[in-house]
Structures are given as C-alpha cells and as structure tokens.
Amino acid sequence: WRVLVERKKLIGFIIGGVLIASIIISFLLPRIYASTTSILPPQQESSLGTGMAVSQLAGGVGGFAGGFLGLKSPADLWLGILKSQTVRDAIIIRFDLMKAFKVETIEDARGNLNDMVKIIKSKEDIISITVEDKDPQRATLIASAFVEELDKVNKNVVMSAGGRMRSFVEKRLNEGKVELEKIEEAVKVFQEKNGAVKLDDQS
C-alpha cells in the first residue's frame, strides 16, 4: 500500500493516458457493420414440388456422403457447400472483391473474404451466415449472395440428376423399341411360315 500511495500520481497518469488513448482510437477506427442471414435446410421429407426434390436429393446425397465424409444431415452438406471454394470464388467474382480488397491474386481475396464471413450451424440445424464489412450495404448483399449461390449449386445438382434420369429413360425406351421391332418381325415370319390369320388391331 505504501508503494501505491507513493506512486499514485504515476498510476493515475497511466490510467488516464490509457483511457484517453482508447477513446481517441475508438473514434479513429472505421465502423464495422455485420449482416446475418439464416437458412433452414430441407428436412428429410417435404410436401410439394421442388422442395420435395431438393429435400430428397439433399437427404440422399447427405446420407451417401455421410459414410465417407462424416456428414450427418442435409445441414452438414449445405454447410460444406457454403464453405466451399466454388461458392467463395463465385462471390469474389460477383462483387469484384479482388479490386475492392486491392489484392492481385484470388488466393489473397479468399483470405480476406474468410476474415469477413462466419458460417455456423446451430443445434437446430439452422445455418447462420454473418458478414462483417465497412460498407453495410455490401455486407447485406454478400450475405444474401451466399444463399443465392447455394441455391444455384442445388439447382445444378437437381438438373444433373434429372438429366441422368431422362437419359436412362430414353435409353430404356430405345431398347424397348428395338425389342418390339424384333417381336413384330418374329410374328410376321411365324404368320408367313404357318399361314396364321392376322388378327385385327382391336383383337
């Protein structure tokens, strides 16, 4: 206590100086704005239309990937997509972030974007995307853009799956047509050989 009393002026000067410096620095630092967007991944079953297709696809892919990548739910799959380099590069190109960050390589732009963005999943499987930026409007636009890019990836996956199904059906139809022609030819040969009567179309 004696030392503190003897040095009280020095201690007061240090505390006051730090307080004043903190206030000055707080005014000089740029304002940082945060924008948060939350999304709820599809459940294993949905009621109608595209939601059902995306839900089944996400559930199926999620289940398949789970055995290899440890994904437990569609939310984990969506989280992986949102954190992927594909989505982030699309964001960088869309907002010309290399120019905004004043960097020369896309790797540096990815690093700056990673510092801006925080993507987390809650216990309820709700995914939150938080973007911090000096420009509040850009923060909002980038947060929304992540959801839009996720939607694009999902649509591409659904379209690819639909294309494969269509190709499979067309192949089976062509095979069926060939088989039908073979059967018709065999019936014709049988009729000519055995003098069988040709039944009418209705029969």
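# Briefing: contacts, helices and a pocket

Thr 37 is in contact (heavy atoms within 4.5 Å) with Ile 127, Ser 128, Ile 129, Ala 143, Ser 144 and Val 147, leaving out residues up to four places away in sequence. The model is predicted: local features need pLDDT of at least 70 and side-chain atom pairs count only at pLDDT 80 or more, while totals for chains, interfaces and linings use all residues. Residues are numbered from 1 along each chain as its sequence is written, and side-chain values use heavy atoms, with hydrogens and water left out.

**Overall fold**

- The protein has eight helices and three strands; these are DSSP runs numbered from the N terminus, with helices (H or I) of at least four residues and strands (E) of at least two.
- Along the sequence, the elements come in the pattern α-α-β-α-α-α-α-α-β-β-α.
- The protein has 203 residues, and 23% of them count as buried. Buried means under 20% relative accessible area, exposed means over 50%, and partly exposed lies in between, using a 1.4 Å probe and protein chains only.
- Of the contacts between residues at least 6 apart in sequence, 61% join residues at least 24 apart.

- Thr 37 counts as buried because its relative accessibility is 19%. Thr 36, at 47% relative accessibility, counts as partly exposed.
- Leaving out residues up to four places away in sequence, Thr 36 touches Ser 128, Ile 129 and Thr 130.
- From C-alpha to C-alpha, Thr 36 is 9.5 Å from Ile 119 in space, although 83 residues separate the two in sequence.

**Helices α5 and α7**

- Two packed helices are described by the angle between their axes and the distance between the axes.
- Helix α5 spans residues 85-94 and helix α7 spans residues 106-116; their axes come within 10 Å and cross at roughly 100°. The axes are lines fitted to C-alpha atoms over the stretch in contact, and angles run from 0 to 180 degrees between N-to-C directions.
- α5 and α7 are therefore roughly perpendicular to each other. Angles of 65 to 115 degrees count as roughly perpendicular, under 35 as roughly parallel, over 145 as roughly antiparallel and the rest as oblique.
- On the α5 side, Gln 85, Arg 88, Asp 89, Ile 91 and Ile 92 meet Ile 106, Ala 109, Arg 110, Leu 113 and Asn 114 in α7.
- By class, this contact of α5 with α7 has five nonpolar, two polar and three charged residues. Ala, Val, Leu, Ile, Met, Phe, Trp, Tyr, Cys and Pro count as nonpolar, Asp, Glu, Lys and Arg as charged, and the others, Gly among them, as polar.
- The buried residues in α5 include Val 87, Arg 88, Asp 89, Ile 91 and Ile 92.

**Ile 91 and Glu 149**

- Ile 91 belongs to helix α5 and counts as buried because its relative accessibility is 0%.
- Apart from neighbours within four places in sequence, Ile 91 is in contact with Leu 97, Leu 113, Ile 142, Ala 145, Phe 146 and Glu 149.
- Ile 91 and Phe 146 are 55 residues apart in sequence, and their C-alpha atoms are 7.3 Å apart in space.
- Glu 149 sits in helix α8, residues 136-194, and is buried, with a relative accessible area of 9%.
- Val 87, Ala 90, Ile 91 and Arg 94 are touched by Glu 149, not counting residues up to four places away in sequence.

**Loop residues with positive phi**

- Asp 96 is found in the loop between α5 and α6 (97-101).
- With a relative accessible area of 41%, Asp 96 is partly exposed.
- Asp 125 is not a glycine, yet its phi is positive, at about 70°. The loop that holds Asp 125 runs between β2 (117-121) and β3 (127-133).
- Asp 125 is partly exposed, with a relative accessible area of 26%.

**The largest pocket**

- The largest pocket has a volume of about 150 Å³. A pocket is an open set of points on a 1 Å grid over the protein atoms alone where a 1.4 Å probe fits, with protein on both sides within 12 Å along at least five of seven lines; lining residues have an atom within 4 Å of a point. Grid points are joined across faces, edges and corners, and the volume is the space filled by probe spheres set on the points.
- The pocket is lined by Ile 32, Phe 101, Met 116, Glu 132, Asp 133, Lys 134 and Arg 138.
- By class, the lining has three nonpolar, no polar and four charged residues.
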